[in-house]
Amino acid sequence: MILHKIKQALLICVMLQVGSAFFTTPAVAQAFITSEIGIGLGGANYKGELAPNYRFLNNQPALTLFYRRDLSPSFTARGGIMLSHRIVDDNTIGDGVQDLPLPNYRQSELRLSLAEVSAVMEYNFFDYYDLSQKVRISPYFFAGVAGLIYNKKLTSDNPSLDELNKPFDTDLTVSIPFGVGVKYALNKHWNLGLEFGTRMLFNDNMDFLTEADGKHVANPYDKDWYFYNGISISYTIYTIKCPPPYRRQPGILD
């Protein structure tokens with residue numbers, strides 16, 4: 001009985017220690033709260049009927065704006081906007097790059113524009129905001145939720161598939177963004193970032209090809225995906241933490 005109680009106590013201690021690594025702050029807490037504002041440039045990509053696999057050359061220009069705030073040494077929250085549009089008229093996603101029976105029959109091209117608003121949580125493998133470190137760098141993982149509005153147009157060069165010539169249409173949906181990245185501090189205020197992220201959709205309509213079009217032109221067994229990969233630069237803002245006695249008595253220093 002005593003041995004059983006000792007095992008239970010040890011298990012509780014271990015669980016508390018593991019939990020403290022994620023949900024408590026260090027004994028010597030930072031005297032400030034950090035946040036970042038930044039901008040990023042990169043490429044947005046798509047995976048679906050017209051691109052069954054990720055293809056780097058399908059990337060189209062993308063711009064991101066974001067705000068990041070630290071919650072603990074390990075976790076940061078980030079809100080962002082991503083915009084993407086094909087600039088060159090003939091730079092479309094199409095069947096022409098796939099020498100396969102179905103793409104050769106379908107002969108379709110897709111024009112796509114994206115606007116995304118996202119909220120994600122980042123897990124940093126190292127304490128990126130610890131100014132005592134000589135080199136501040138950390139890989140990170142992120143996941144969250146996003147709202148997406150996208151504009152699409154589909155065309156086909158096959159005269160027998162005139163139903164695939166569909167004009168511009170705008171849709172709204174929800175996606176699940178997740179991915180990995182690396183942060184590197186250039187100095188106390190300026191930072192560089194590199195990120196690759198995947199967005200999981202809950203529909204199969206990003207490319208205008210759905211189960212309703214028939215299995216002879218569309219794959220009804222998978223969903224569409226889109227991606228963002230790029231680099232960013234951000235500026236860190238430091239907010240001094242006011243000790244509790246001074247917060248409770250604003251005029252104590254007057």
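This report walks through some backbone, packing and aromatic features of the structure above.

## About the model

The model is predicted, so to speak of local features a pLDDT of at least 70 is needed, side-chain atom pairs count only at pLDDT 80 or more, and totals for chains, interfaces and linings use all residues. Residues are numbered from 1 along each chain as its sequence is written, and side-chain values use heavy atoms, with hydrogens and water left out.

## Two loop residues with positive phi

Let's start with the backbone. Glutamine 107 has a phi near 50°, a positive value in a residue other than glycine. Glutamine 107 belongs to the loop between α2 (101–106) and β5 (108–124); helices (H or I, at least four residues) and strands (E, at least two) are DSSP runs, numbered from the N terminus. With 35% relative accessibility, glutamine 107 is partly exposed. Here buried means under 20% relative accessible area, exposed over 50%, and partly exposed in between (1.4 Å probe, protein chains only).

Phenylalanine 208 also has a positive phi, near 75°, and is placed in the loop between β8 (190–201) and β9 (225–240). Its relative accessible area is 12%, so phenylalanine 208 is buried. Lysine 152 lies over the face of phenylalanine 208, at 4.5 Å from the ring centre. For a charge to sit over a ring, NZ of Lys or CZ of Arg must be within 6 Å of the ring centre and within 35 degrees of the ring normal.

Next comes a residue of strand β9, asparagine 229. Asparagine 229 is buried because its relative accessible area is 15%.

Leaving aside residues up to four places away in sequence, asparagine 229 touches Gly42, Gly43, Tyr54, Asn59, Glu195 and Phe196 (contact means heavy atoms within 4.5 Å). The side chains of asparagine 229 and tyrosine 54 are joined by a polar contact of 2.8 Å. A polar contact is a pair of N or O atoms within 3.5 Å; within protein, one must be able to donate a hydrogen and the other to accept it, and residues adjacent in sequence count only if both atoms are side-chain atoms.

## Aromatic rings

The whole structure holds 8 aromatic pairs. Rings of Phe, Tyr and Trp (its six-membered ring) pair if their centres lie within 6.5 Å; planes under 30 degrees apart count as stacked, over 60 as edge-to-face and the rest as tilted.

Tyrosine 140 is buried at 3% relative accessibility, and phenylalanine 142 is buried at 0%. The charged end of arginine 68 sits over the tyrosine 140 ring, 6.0 Å from its centre. Elsewhere, Tyr54, Phe196 and Phe227 form one aromatic cluster.
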